[in-house]
Amino acid sequence: MRSDFACFILCHGRPNNTPTFSTLRKYGYTGAIYIICDDEDKTLQEYRNIYGEDIVKVFNKLDVLQKFDTMDSSENRGCAVYARNACFDIAEELGIRYFCELDDDYLDITIRKPVEDKLPVFNHKNLDLIFETYIDFMNTNPNIYSVAFAQAGDYIGGYACQLMSNGYKRKCMNSWICDVSKRFIFNGRMNDDVNTYTLEGSRGKVYITLPYVCVNQPETQQVSGGMTDMYKGEGTYIKSFYTVMCCPSFACIHIMGWHNYRIHHKINWEHACPKIISDKWKK
């Protein structure tokens with residue numbers, strides 16, 4: 001794996017339940033891995049005992065707080081946005097240009113590609129090549145600020161799902177592949193990923209999920225620690241409303257699901273991002 005790249009696993013409060021580390025190795029990643037922890041984590045020493053002092057990188061939450069907007073007056077700092085913003089500084093300190101921010105609960109990173117009218121799952125040992133290919137894609141256009149792997153939910157609808165039909169989605173979630181030279185800021189105490197790709201996307205920056213690599217995680221809010229406690233304590237209505245505050249012209253609150261309904265954000269992509277007007281309209 002190229003020496004100017006590393007995987008950053010964002011962790012808090014569950015040192016004995018961090019499957020992403022072994023999942024990366026399982027699928028052939030040979031490069032550097034760092035555990036990103038905050039200085040308020042009560043289990044910090046356990047992370048150090050398990051992974052080693054050199055692997056665990058610790059940032060100061062109050063220092064990072066000065067660099068972004070939580071979008072509220074709450075003093076609850078039990079959220080991932082601090083770590084997401086800290087990663088750029090950590091990468092610079094390590095002399096790394098490219099990095100991938102990953103949640104700590106990935107069970108598999110698989111290939112999904114169409115075979116006839118189906119989308120079967122393929123195992124592989126090619127993560128080094130995949131990361132390098134995604135970096136190369138990101139470098140094809142200076143306006144691409146991050147690319148991401150798909151999530152299992154992106155494939156609902158199978159072969160005809162939107163992700164496969166379009167060949168991309170204008171979003172990044174969970175697995176943010178970033179370039180230190182294209183720095184951006186995550187905002188909002190909750191829903192920071194959606195806040196970022198919508199607000200920054202509305203300003204012309206491009207965030208893309210590509211269709212052929214998929215991360216698999218436990219069902220949301222089923223694993224204790226991390227962000228689960230905040231989501232359960234405050235509810236998905238509050239979580240989703242941060243994005244409405246960011247982008248009220250094209251984001252709203254929406255009910256999603258089939259049987260177990262829940263409140264979620266909804267983005268009107270017709271109004272969300274700048275569009276290139278065809279030359280045929282040029283006067």
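In this predicted model, the lining of the second largest pocket is made up of five nonpolar, four polar and two charged residues. The space in this pocket comes to about 230 Å³. Its lining residues are Thr-140, Asn-141, Asn-143, Ile-144, Arg-170, Gly-204, Val-206, Ile-208, Pro-274, Lys-275 and Ile-276.

**Helix H7 and what follows**

One of the pocket-lining residues, Gly-204, sits just after helix H7 and has a positive phi of about 100 degrees. Helix H7 covers residues 192-202 and is mostly hidden, with ten of its eleven residues buried. These are Asp-192, Asp-193, Val-194, Asn-195, Thr-196, Tyr-197, Thr-198, Leu-199, Glu-200 and Gly-201.

Glu-200 has a relative accessibility of 7% and therefore counts as buried, the cut-off being under 20%. Its salt-bridge partner is Arg-203, with 3.6 Å between the closest N and O atoms. Arg-203 is exposed, at a relative accessible area of 58%.

**Helix H5**

Helix H5 runs over residues 127-138, which is twelve residues.

Which residues of H5 are buried? They are Leu-127, Asp-128, Ile-130, Phe-131, Tyr-134, Ile-135 and Met-138. Viewed down the helix axis, the buried residues of H5 fall within an arc of 170 degrees, so they line one face of the helix. The general rule behind such a pattern is that an α-helix has 3.6 residues a turn, so residues three or four places apart point the same way.

**Salt bridges**

Side chains of opposite charge can pair when their charged atoms come close. There are 20 salt bridges in the structure. The table lists three of them.

| Salt bridge | Distance between closest N and O atoms |
|---|---|
| Arg-2 and Asp-4 | 2.6 Å |
| Glu-101 and Arg-84 | 3.2 Å |
| Arg-203 and Glu-200 | 3.6 Å |

In the pair of Arg-2 and Asp-4, Arg-2 is partly exposed, with a relative accessible area of 28%. Asp-4 is partly exposed as well, with a value of 21%.

Glu-101 and Arg-84 are both buried.

Some salt bridges share partners. In this way Lys-67, Asp-89, Glu-92 and Arg-183 are joined into one network.

**Residues with positive phi**

Met-71 has a positive phi of about 70 degrees although it is not a glycine. Met-71 is placed in the loop between helix H3 (61-65) and H4. Its relative accessibility is 18%, so Met-71 counts as buried.

Asn-174, also a residue other than glycine, has a positive phi near 70 degrees. Where does Asn-174 lie? Its place is the loop between helix H6 (162-166) and strand E8 (176-179). With a relative accessible area of 7%, Asn-174 is buried.

**Distances across the chain**

Glu-116 is in the loop between strand E5 (108-112) and strand E6 (121-122). Is Glu-116 buried or exposed? Glu-116 is exposed, with a relative accessible area of 72%. Along the chain, Glu-116 and Tyr-237 are 121 residues apart, and 40 Å separates their C-alpha atoms.

Ala-152 is found in the loop between strand E7 (144-151) and H6. Its relative accessibility of 42% makes Ala-152 partly exposed. Ala-152 and Val-213 are 61 residues apart along the chain, and their C-alpha atoms are separated by 9.8 Å.

How values were computed. Residues are numbered from 1 along each chain as its sequence is written. This is a predicted model: local features need pLDDT of at least 70, side-chain atom pairs count only at pLDDT 80 or more; totals for chains, interfaces and linings use all residues. Side-chain values use heavy atoms; hydrogens and water are left out. Helices (H or I, at least four residues) and strands (E, at least two) are DSSP runs, numbered from the N terminus. The expected span of a helix is 1.5 Å times one less than its number of residues. Buried means under 20% relative accessible area, exposed over 50%, partly exposed in between (1.4 Å probe, protein chains only). The arc is that of the directions from the helix axis to the C-beta atoms. A salt bridge is a side-chain nitrogen of Lys or Arg within 4 Å of a carboxyl oxygen of Asp or Glu. On a 1 Å grid over the protein atoms alone, a cavity is a set of points where a 1.4 Å probe fits but cannot get out, and a pocket is an open set with protein on both sides within 12 Å along at least five of seven lines; lining residues have an atom within 4 Å of a point. Grid points are joined across faces, edges and corners, and a volume is the space filled by probe spheres set on the points. Ala, Val, Leu, Ile, Met, Phe, Trp, Tyr, Cys and Pro count as nonpolar, Asp, Glu, Lys and Arg as charged, and the others, Gly among them, as polar.
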